[in-house]
Amino acid sequence: MSVCSSSSSSSSSSSTGKAWIVHSILAGTAIAVAIGARAYLGRARKFRTRVVGIIPARYASSRFEGKPLVHILGKPMIQRTWERSKLATTLDHLVVATDDEKIAACCRGFGADVIMTSESCQNGTERCNEALEKLEKKYDIVVNIQGDEPLIEPEIIDGIVKALQAAPDAVFSTAVTSLKPEDAFDPNRVKCVVDNRGYAIYFSRGLIPFNKSAKVNPQFPYMLHLGIQSYDSKFLQIYPKLQPTPLQLEEDLEQLKVLENGYKMKVIKVEHEAHGVDTPEDVEKIESLMRERNLS
């Protein structure tokens, strides 16, 4: 009996010991998970935090030479874009990147920081990359703000920055708004289609999607691309090294090189009355709109 009693006691003690071991392992695992989660969240909060806005501006343009310096109700267009961009809360710094001394002098005159870039830049993205390399401080996100959007909403700047911060699998973010029927076949109004998760599928100067009737479907939510875009700064350094792609060259749209090389681009939809200046005729439209809104 004593042997059985001793065996039972030993078994009970062994079971209790195992239970404590399992409990300790589970408790240790929970603590490790909590510590890991805290560390991860800490990193997430610091993910892509340093942001610079860059306004690329060039004097030469096939459609509208000297466009950045054209006056809109008494102020150069580049100044109006600068003043609107300064209202964005996510930007740590804002600069103008240009290859033209006249534009540089104008911008310094109203207090803007200017980075001089080379004339060899093929597009605004390459100009932003060159400017980024010349900045003294390091940044995680670069926002390419089109200089011909004098009515840019600062909330859109903040929106695409936050979208890129929240999408670690994307290297690029941009914005779209509803396309007006009258702009459907205007090649200066770039259209965009996205997937169900809000990532870009394609951009085109033509109407997309294009149906069999070859007419605008008033029931379909066509989307107009707004020129503003932001990049992960590490990707921006890679971009100029990527070879031009067939779709990019055919459409003359730099963002297609991003998609053709397999990178992801996050897209947000905003309510915005798109008023970019592509031709001299657009200046009068902008001024009329500003008068309607009592903007000076």
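The accessible surface of the chain comes to about 15900 Å² (Shrake-Rupley method, 1.4 Å probe), and carbon and sulfur atoms contribute 54% of that area. This is a predicted model, in which local features need pLDDT of at least 70 and side-chain atom pairs count only at pLDDT 80 or more, while totals for chains, interfaces and linings use all residues. Residues are numbered from 1 along each chain as its sequence is written, and side-chain values use heavy atoms, with hydrogens and water left out.

**Overall fold**
- The chain has nine helices and 11 strands, taken as DSSP runs (helices H or I, at least four residues; strands E, at least two) numbered from the N terminus.
- Of the 296 residues, 47% are buried (under 20% relative accessible area, with exposed over 50% and partly exposed in between; 1.4 Å probe, protein chains only).
- Among contacts (heavy atoms within 4.5 Å) with a separation of 6 or more, 69% join residues 24 or more positions apart.

**Salt bridges**
- The structure holds 10 salt bridges, each a side-chain nitrogen of Lys or Arg within 4 Å of a carboxyl oxygen of Asp or Glu.
- Asp99 and Arg127 form one of them, at 3.6 Å from N to O.
- Asp99 sits in the loop between strand S4 (93–98) and helix H3 (101–109) and Arg127 in helix H4 (residues 124–134), so the pair ties together parts 28 residues apart in sequence.
- Arg127 is buried at 3% relative accessibility.
- Glu130 pairs with Lys134, with the closest N and O atoms 3.3 Å apart; the two are four residues apart in helix H4, about one helical turn.
- Glu130 is buried at 15% relative accessible area, whereas Lys134 is partly exposed at 45%.
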